[in-house]
Each structure stands twice: as structure tokens, then as C-alpha cells.
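Subject: Structure handover

Hello,

I am handing this structure over to you.

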Amino acid sequence: MDYKALAQQTAQDILSYSQDTSGWKVVKTSVRKQKKITVSSKASKKFHGNLYRVEGIIPESTCKLSDFLYKPENRITWDKSLKVYKMVQKIDSDTFICHSITQSFAMGSISPRDFIDLVYFKRYEGNVNVISSKSVDFPAYPPSSNYIRGYNHTCGYICSPLQENPAHSKLVMFVQTEMRGKLSPSVIEATMPSNLISFILNAKDGIKTYKAPVGRGCHHNGHSSLLKKK
């Protein structure tokens, strides 16, 4: 499998999602300390479930936020939805495959899942960074009897400077996770919005103590001009 080509296409798909403004329905909002997090959804075109869009403001630079979200080694320290998150193959400096295992959700009614995802970092013009993720087949980590193997259709983050305060960042996250197993869609739909808000709040807390690498402004200094400044 050409993992790099798949990763590049997934990042482009995330940009396409961000430019698609039709059909979204707000399903949950959270306001804390005058900071709003909004979760919207629409029917996914990839599976019989929802594509979720989560938007929030993170009071950190786009470079620091992107590095924080991309790095696999510190994810488990702040993401309370996961009990395992580890890189299993590094493809290059911008691309890796990871194995993750989730915690149980909804007071145990959603059992832990495991995922094998291809993660990719791409910087675009205007200091817009995309971190994409998509499940792949990886023979070294076949499904086990211990966990139901879930599947992440195109997911990712878009980090960009906040127009009114470029020292802060706008974070837009897209999630379309196929849990698999015998879960009722209504259970997932009732649980997912709150979990997504918790993820943003956990990231806000986790980044406060994150030290970005000295001398490196962003994870990657190259950029693409495919996304023009507005």
C-alpha cells in the first residue's frame, strides 16, 4: 500500500470538509470562561453514521498546537479517551502509523476499541496546518480477540491563527468513527458529542504544560500553496 499517497489524499479530503458549509446541524455547544466549543454533524458519505465537526479556540500559537496534536509520544498523558497510543511504524518525518486503544465509554456501555491509523502532518500557506488520520490495514497489527477493531474514516484537525488574535489558534476537528460491533447508532449519537467536547477541553489543559521543541517554530517548515490566503 502506498501509505504516503493515501495520507496526502486524506489531508486534501479534510480541507474539502472544511470548505463544505452545507447540511451541518449543531448538536452540542459548551461555553466555559467565555470560550465556546461547537459540535455539528451531518450524515457521513463514507459509512452509515455521522461526520462530526468540532470548533474551538485554543489560546496557543498554531505551531505549538499543531506540534502538540501531532506528536504521538505525549498523547496518552492528556487524552483521557485513550489508554494506549503508540507509533508502530514511522514512514517519514511527517507520516506514521499508530495503534490506539480507547477507554470504555458511556458508563461501560461502549467497550474499548482499538484502531490502526495513518497519521499525516501537512502545512499550507497562511500558517494553516492539517493533521489527518485514517484507518489502514497493517499486517503487523492484525485485529485481536481482546478488542473490537474500529475504523476511522477520514478524520483530522485544521489548526490556523485566529484572525483577531494570531497568537491564539482556531481548531477545527473532523471525526467519522465507525465503532463496529453491535452498538446501536443511537448510543453512539448520544455519546459522541460530549466525548468530542471533552477531547477539546483535555487538549486545552494538556497543552498548557507542553514544551514545544526549542528552535523549531512548527513541526514542518515546508508549505503548500494549494490553500490560498484569504
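Below is what was found in it, topic by topic.

**Confidence**

This is a predicted model. The mean pLDDT of the chain is 90. A score of at least 70 is reached by 91% of the residues. Watch residues 220–230, where the pLDDT is below 50. In the model that stretch has 22 contacts beyond near neighbours in sequence. Where pLDDT is low, the predicted coordinates should not be read in detail.

**Strand 10 and its partners**

Start with strand 10, residues 155–162. It is mostly covered, with seven of its eight residues buried. Strand 7 (residues 128–135) runs antiparallel to strand 10, and five bridges join the two. One of the pairs is Asn 129 with Cys 159 of strand 10. Strand 11 spans residues 165–175. Strand 11 is also antiparallel to strand 10, and seven bridges join them. Here Tyr 157 has Met 173 of strand 11 as its bridge partner. Strands 10 and 11 make a hairpin, with two residues between them.

**Salt bridges**

How many salt bridges does a search of the whole structure find? It finds ten. Side chains of opposite charge can pair when their charged atoms come close.

Take Asp 92 and Lys 4 to begin with. Their side chains meet in a salt bridge at 2.7 Å, N to O. Asp 92 belongs to strand 4 (residues 82–92) and Lys 4 to helix 1 (residues 3–19), so this pair ties together parts 88 residues apart in sequence. Asp 92 has a relative accessibility of 28%, so it counts as partly exposed. Lys 4 is partly exposed too. Its relative accessible area is 22%.

Next come Lys 64 and Glu 60. The closest N and O atoms of this salt bridge are 3.5 Å apart. Are these two residues buried or exposed? Both Lys 64 and Glu 60 are buried.

Asp 205 and Lys 208 form another salt bridge, at 3.6 Å, N to O. Asp 205 is partly exposed, at 45% relative accessibility. Lys 208 is exposed, because its relative accessible area of 57% is over the 50% cut-off. Elsewhere, salt bridges with shared partners join Arg 53, Glu 55 and Lys 170 into one network.

Ser 41 sits in strand 2, residues 35–43. Why does Ser 41 count as buried? Its relative accessibility is 9%, and buried means under 20%. Leaving out residues up to four places away in sequence, Ser 41 touches Gly 23, Trp 24, Lys 25, Val 27, Asn 50, Leu 51 and Tyr 52. Take Val 27 from that list. Ser 41 and Val 27 are 14 residues apart in sequence, and their C-alpha atoms are 6.8 Å apart in space.

Where is Ser 109? Ser 109 lies in the loop between strand 5 (95–102) and strand 6 (113–124). It is partly exposed, with a relative accessible area of 44%. Setting aside neighbours within four places in sequence, Ser 109 is in contact with Leu 183 and Val 187. Leu 65 is 44 residues from Ser 109 along the chain. The C-alpha atoms of Ser 109 and Leu 65 are separated by 32 Å.

Over to you.

Best wishes

Terms used: Residues are numbered from 1 along each chain as its sequence is written. This is a predicted model: local features need pLDDT of at least 70, side-chain atom pairs count only at pLDDT 80 or more; totals for chains, interfaces and linings use all residues. Side-chain values use heavy atoms; hydrogens and water are left out. Helices (H or I, at least four residues) and strands (E, at least two) are DSSP runs, numbered from the N terminus. Buried means under 20% relative accessible area, exposed over 50%, partly exposed in between (1.4 Å probe, protein chains only). Contact means heavy atoms within 4.5 Å. A salt bridge is a side-chain nitrogen of Lys or Arg within 4 Å of a carboxyl oxygen of Asp or Glu. Two strands pair if DSSP finds at least two bridges between them. pLDDT is the predictor's confidence in each residue, from 0 to 100.
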